[in-house]
Amino acid sequence: MSQEKIRCSVGVTAHNEEANIGALLDALLDQHLHDVEITEIIVVASGCTDRTVPIVQEYAQRDPRIRLFVQERREGKTSAVNVFLKHAKEDICVLESGDTLPREDAIENLVRMFADPRVGMTGAHKVPLNTPDHLVGLFTHLRLRMEHELCLDIPRLGELIAFRKVFDQIPPDVAMDEAFVEALIIQRGLQVRYAPNAVVYNTGPTTVSDFVKQRRRNHAGHLYLKHKYGYKVASIQNRRVVRVALREIWGAIRLVLVLMALGVLEAWARLLGWYDFAIKKERHTVWDMAWTQKANLAQAGKEWTNHKEESLVTPVHEVNPLER
């Protein structure tokens with residue numbers, strides 16, 4: 001007897017996303033699904049002045065699951081999310097920003113966690129596509145890596161989330177919609193979980209001014225949420241952030257120490273090699289074998305794969321209001 005699939009509505013909020021919206025819809029339509037079913041994809045286009053709307057219309061003609069709602073004026077993401085909530089028909093809602101791309105198994109890994117009735121909200125692992133070859137790109141990579149570490153401790157979700165539809169709308173004065181959903185879910189006694197194997201790709205700012213602009217508006221929104229609704233997201237819990245930052249600093253120090261040890265060993269080995277060549281006249285035509293180098297590569301490959309998978313396992317614990 002086959003297990004009933006978990007059905008979900010996917011909502012996409014978009015403002016002038018002509019560069020990405022086609023690829024995003026392709027990625028959603030091509031998701032690798034087993035225990036999960038996407039019954040509809042609702043795109044809310046807000047104040048778009050580019051080709052976002054006609055592109056979505058083309059996709060809607062090809063696949064009846066895609067529905068398009070157009071807001072003539074840009075009224076903010078919260079307003080667009082409320083349009084999605086009004087029209088979503090499933091109890092499990094997935095919300096994705098129009099400037100992101102889900103990996104082919106992201107929706108499956110995000111939504112199948114709702115098989116556990118205690119789960120009220122899940123969030124994806126954000127991975128930047130910026131090349132870290134300039135300072136702002138490095139900022140984005142470091143910030144998202146720290147955010148990933150923070151989420152393994154206590155979830156702080158965004159960009160791609162899923163939640164039970166236990167509310168009808170988000171107050172219009174709330175700018176940080178994902179954080180508000182977190183607060184509502186926890187208030188109803190449900191769990192918030194991080195899904196590190198549900199990967200969503202995005203790009204961070206490429207200039208210092210845009211980086212500051214993005215972080216400034218997020219922080220202001222989180223402070224407002226705390227002030228008016230009493231909810232404190234993980235990223236403004238300074239002790240946790242400092243703890244993650246100290247782990248990063250220790251990682252950097254450890255890397256420097258390892259590089260120094262590697263340099264010493266390499267120098268010693270080269271000195272011995274010079275002694276063999278110049279003094280001892282040893283040519284090593286028959287190698288003195290380094291036997292620990294010999295290994296069962298197939299077994300080593302499996303162990304390496306297991307090691308990587310274990311590093312992605314989320315420690316699951318219930319988050320209650322007192323912890324916040």
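The model is predicted, so local features are kept at pLDDT of at least 70 and side-chain atom pairs count only at pLDDT 80 or more, while totals for chains, interfaces and linings use all residues. Residues are numbered from 1 along each chain as its sequence is written, and side-chain values use heavy atoms, with hydrogens and water left out.

Take helix H1, residues 21-29, and helix H2, residues 52-62: they pack at an angle of about 25°, and their axes lie 9 Å apart. Those axes are lines fitted to C-alpha atoms, for helices over the stretch in contact, and the angles run from 0 to 180 degrees between N-to-C directions. H1 therefore comes out roughly parallel to H2 (under 35 degrees is roughly parallel, over 145 roughly antiparallel, 65 to 115 roughly perpendicular, and the rest oblique). The crossing of H1 past H2 is right-handed, meaning that the near helix is turned clockwise from the far one by less than a right angle, with anticlockwise giving a left-handed crossing.

As for who meets whom, H1 brings Ile21, Gly22, Leu25, Asp26 and Leu29, and H2 answers with Thr52, Ile55, Val56 and Tyr59; contact means heavy atoms within 4.5 Å. Sorted by type, the residues of this H1 and H2 contact are six nonpolar, two polar and one charged. The nonpolar class holds Ala, Val, Leu, Ile, Met, Phe, Trp, Tyr, Cys and Pro, the charged class Asp, Glu, Lys and Arg, and the polar class the others, Gly among them.

Valine 12 sits in strand E1. With a relative accessible area of 0%, valine 12 is buried (buried is under 20% relative accessible area, exposed over 50%, partly exposed in between, with a 1.4 Å probe and protein chains only). Setting aside neighbours within four places in sequence, valine 12 is in contact with Ile21, Leu24, Leu28, Ile41, Ile42, Val43, Val44, Glu96 and Gly98. One of these, isoleucine 41, is 29 residues away along the chain, and the two C-alpha atoms are separated by 7.4 Å.

Valine 81, found in helix H3 (residues 77-87), is likewise buried, at a relative accessible area of 1%. Not counting residues up to four places away in sequence, valine 81 touches Thr13, Leu95, Ile170 and Asp177. Leucine 257, by contrast, is 176 residues from valine 81 in sequence and 48 Å from it in space, C-alpha to C-alpha. Over in helix H7 there is valine 212, which counts as partly exposed at 44% relative accessibility. Valine 212 and isoleucine 6 are 206 residues apart in sequence, with 39 Å between their C-alpha atoms.

The structure holds two aromatic pairs. Rings of Phe, Tyr and Trp (its six-membered ring) pair if their centres lie within 6.5 Å, and planes under 30 degrees apart count as stacked, over 60 as edge-to-face and the rest as tilted. Phenylalanine 139 and phenylalanine 211 have ring centres 5.5 Å apart and planes at 50°, so this pair is tilted. Because phenylalanine 139 belongs to helix H5 (residues 135-153) and phenylalanine 211 to helix H7 (residues 208-229), the pair ties together parts 72 residues apart in sequence. Phenylalanine 139 is partly exposed at 33% relative accessibility, whereas phenylalanine 211 is buried at 17%. The rings of phenylalanine 163 and phenylalanine 167 have centres 5.5 Å apart and planes at 20°, so that pair is stacked. Phenylalanine 163 is buried at 1% relative accessibility, and phenylalanine 167 is buried at 6%.

Helix H5 also contains histidine 148, buried at 12% relative accessibility. Beyond residues up to four places away in sequence, histidine 148 touches His125, Tyr194 and Pro196.

Finally, the backbone. Most residues other than glycine have a negative phi. Asparagine 16, not a glycine, has a positive phi of about 50°; asparagine 16 lies in the loop between strand E1 (6-14) and H1 and is partly exposed at 30% relative accessibility. Histidine 284 also has a positive phi, near 55°. That histidine 284 lies in the loop between helix H8 (238-280) and helix H9 (297-310), and at 35% relative accessibility histidine 284 counts as partly exposed.

Methods
Helices (H or I, at least four residues) and strands (E, at least two) are DSSP runs, numbered from the N terminus.
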